[in-house]
Amino acid sequence: MRKLLSGGMVVFAGMVTVPWTVSPQQAVKTAPGYRNDPRLARLHRFFAGEGCPARQFSDAFLEAADRYALDWRLLPSISFVESTGGKALRNNNLFGWASGRAVFPSVVAGIHTVGYLLANSALYRDKSLDGVLATYNPDPAYALRVKSVMRRIWPTR
């Protein structure tokens, strides 16, 4: 050991904790197929109006929503409530996932991981929007905030 240290070579053995595994499919770059999608323009406008860095990931939000059959406004809205759309981003975690302790290899991987889990995890699967939000954060005001942002992005009738 002394020889390694005196020779300038130090090896650290250990494991970086990543609470959620990311499959290669979740970490892929997003496709440019959303260029003419009106939802993309709407997300760009919303995030730009708020000065949010998450604007650059608008297509990833859409891709994850479409892939996992989520309301396309849900992930951007949670990211806005949790990190002000990336202004308070830490560890590529836009969503405050795992009480903010989750570390993702990239923002896009985080978007896809959280989208996948909201659609497929036993905790969230088959729940209404209110049920998903109550599970995500049990504070009743939280669901109201997220749904308010969803309406700001695109009001529904």
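Author: The crossing of helix 6 and helix 7 is right-handed. In this predicted model, the axes of the two helices lie 9 Å apart, and the packing angle is about 125°. Helix 6 and helix 7 are therefore oblique to each other. On the side of helix 6, the contact is made by L129, D130, L133 and Y136; on the side of helix 7, by Y142, A143, V146, K147 and M150. Sorted by class, the residues of this contact comprise seven nonpolar, no polar and two charged.

Helix 6 itself covers residues 129-136, and V132, L133 and Y136 are buried in it. Viewed down the axis of helix 6, the buried residues fall within an arc of 95°, so they line one face of the helix.

The packing of helix 6 with helix 4 has another geometry. Helix 4 and helix 6 pack at an angle of about 30°, and their axes are 13 Å apart. An angle under 35 degrees counts as roughly parallel, and helix 4 and helix 6 are therefore roughly parallel to each other. Their crossing is right-handed. Helix 4 supplies L74, I78 and E82 to the contact, and helix 6 supplies L129, L133 and Y136. By class, the contact of helix 4 with helix 6 has five nonpolar, no polar and one charged residues. L129, L133 and Y136 of helix 6 also take part in the contact with helix 7.

Helix 4 also holds S83. S83 is buried, and its relative accessible area is 1%. Leaving out residues up to four places away in sequence, S83 touches A88, L89 and L94.

Beyond helix 4 comes the loop between helix 4 and helix 5, where N91 lies. N91 is not a glycine, yet its phi is positive, at about 60°. As background, most residues other than glycine have a negative phi. N91 is partly exposed, with a relative accessible area of 36%.

I111 is buried, with a relative accessible area of 0%. Setting aside neighbours within four places in sequence, I111 is in contact with F57, A60, F61, A64, L75, L94 and F95. One of the contacts of I111 is A64: the two residues are 47 apart in sequence, while their C-alpha atoms are 6.9 Å apart in space.

The loop between helix 5 and helix 6 contains D126. D126 has a positive phi of about 65° and is not a glycine. At 76% relative accessibility, D126 counts as exposed.

Helix 2 (residues 38-49) and helix 3 (residues 58-67) have axes that come within 9 Å and cross at roughly 130°. Helix 2 and helix 3 are therefore oblique to each other. Helix 2 passes helix 3 in a right-handed crossing. The contact is made by R39, L40, L43, H44 and F47 of helix 2 together with S58, D59, F61, L62 and D66 of helix 3. The residues of this contact divide into five nonpolar, two polar and three charged. F61, which belongs to this contact, is also in contact with I111.

As for the chain overall, its secondary structure comes to seven helices and zero strands. Along the sequence the pattern is α-α-α-α-α-α-α. Buried residues make up 40% of the 157 residues in the chain. Of the contacts in the chain with a separation of 6 or more, 61% are between residues 24 or more positions apart.

Terms used
Residues numbered from 1 in each chain as written. Predicted model: local features only at pLDDT ≥ 70, side-chain atom pairs only at ≥ 80, totals over all residues. Heavy atoms only, no water. Buried < 20%, exposed > 50% of the residue type's maximum accessible area, 1.4 Å probe, protein only. Contact = heavy atoms within 4.5 Å. Helix = DSSP H or I, 4+ residues; strand = E, 2+ residues; numbered from the N terminus. Arc of directions from axis to C-beta. Axes fitted to C-alpha atoms, helices over the stretch in contact; angles between N-to-C directions. Parallel < 35°, antiparallel > 145°, perpendicular 65-115°, else oblique. Left-handed = near helix turned anticlockwise from the far one by under 90°. Nonpolar A, V, L, I, M, F, W, Y, C, P; charged D, E, K, R; others polar.
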